[in-house]
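Open the model in your viewer and keep the selection panel at hand.

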Amino acid sequence: MDSVILSPYNSKYLGKLKNRIVMAPMSRWSADQNHCVIDLMSEYYIRRAKDGVALIITEGLIIHPSAAGHKNSPYIYTAEQANSWKKTISGVHRQGAKMFCQLWHCGRISHEDFTGGIQPVSSSAKRAEGINKQNNKPYARPRALTRSEIKDVYEMFIKSGELAFGAGFDGAELHFGHGYLVDQFFDSRINERKDEYGGSVDNRCRFALELTELFINKFGSEKVMVRISPSREMAGVYDWPEIEEMLACLISNFNKIGLRLLDISCASSDYYKTSGRVVRIVRPIWPHFLLSGASLSLRQAEAEVAAGLLDMVTWGRYILANPDFVSCLLSGKKLNQFKPEFLKKLY
Ligand SMILES: Cc1cc2nc3c(=O)[nH]c(=O)nc-3n(C[C@H](O)[C@H](O)[C@H](O)COP(=O)(O)O)c2cc1C
């Protein structure tokens, strides 16, 4: 087979994979009232693994009740929640695929309705603009994390990591993108701190770097992926301010602290206008595993991999809309286009 995307791939970090196709993290807000996995979710993931997706990254899993930002998200805060993933992980493994979980703290993109009344936190006490779709209310006014609370958040991530690896996940992706908590430290339009976590580029990267280093030291480089979204079109927000300086600081430090798996996201924007540009800045200074994508055609994905820009490629909405996505790529069958109504049920 001459397709670089569809051929088996031996990754230095992830081992043997069926191909280079990754299912992007996609929240489906379908967990039960205890924030555990339900059977339909399990079947949904296993179905994609059976079809041939090589690596599945779960939807964002909330690391602590105060980190939530939506109704019905799965959490990974209690043993019961972590154990509820075991059936899915073993089913995915039986199909020869790997499974990472995504660990998520929403920060200010939240409301007390979702955190059990706890005031959401952020880098600064600056409210997000807009309306939360799940309760039709403005986002909550957050309070700024104190320096000691920042360390508490690191602990929350580590504790969820322990639960995740105990449940059998192959790795964990730290969600540092899309305007959620860690992005609220990166972004100088939001971060108004006067301490060592705000102000300069180095300071705004500190939260992400300290957390990543702790996580890698605890769990190992081959198990830790980081997702960032330096360029995206989401809620009127595009590139990070000082994007080139931010990337230079982050990538050189990610290299130093031993991060080896990086995922560049653009939320649901046009890849070439956003992530594709970031990938071209990052690749010359990042020799390790690089993942990105957003609704690319097979030919476009192949060109990115063949040019040495990406190691694997993510697809989100196409995989959501086509449980037989890989079979379709193999046979050339026409893909369903994603429609919002597909979000109403899991299949
Ligand atoms: C329904 C839906 C839910 C999503 N949830 C998450 C999420 O929990 N975490 C995350 O990092 N990205 C999330 N994303 C973004 C996707 O991972 C992906 O980056 C985006 O859909 C662009 O890829 P695509 O064009 O192939 O769909 C979500 C996207 C969709 C459509």
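Select everything first. Buried residues make up 48% of the 347 residues in the protein; buried means that 20 or more other C-beta atoms, placed from the backbone, lie within 10 Å of a residue's own. This is a predicted model: local features need pLDDT of at least 70, side-chain atom pairs count only at pLDDT 80 or more, and totals for chains, interfaces and linings use all residues. Numbering runs from 1 along each chain as its sequence is written.

Now colour by secondary structure.

Next, select the ligand. Around the ligand sit 22 residues, and Ala24, Gly60, Ser295, Gly316 and Arg317 come nearest. A residue is near if its C-beta atom, placed from the backbone, lies within 6 Å. Strand 4 (55–62) and helix 10 (317–321) each supply at least two residues of this shell.

Then show the neighbours of strand 4. Strand 3 (residues 21–23) runs parallel to strand 4, joined by 2 bridges. Pick Met23: its bridge partner in strand 4 is Ile56. Strand 5 (residues 98–104) also pairs with strand 4 in the parallel sense, over 6 bridges. Strands pair if DSSP finds at least two bridges between them. Finish at Ile57, whose bridge partner in strand 5 is Phe100.

How values were computed: Buried ≥ 20, exposed ≤ 12 C-beta atoms within 10 Å, placed from the backbone. Helix = DSSP H or I, 4+ residues; strand = E, 2+ residues; numbered from the N terminus.
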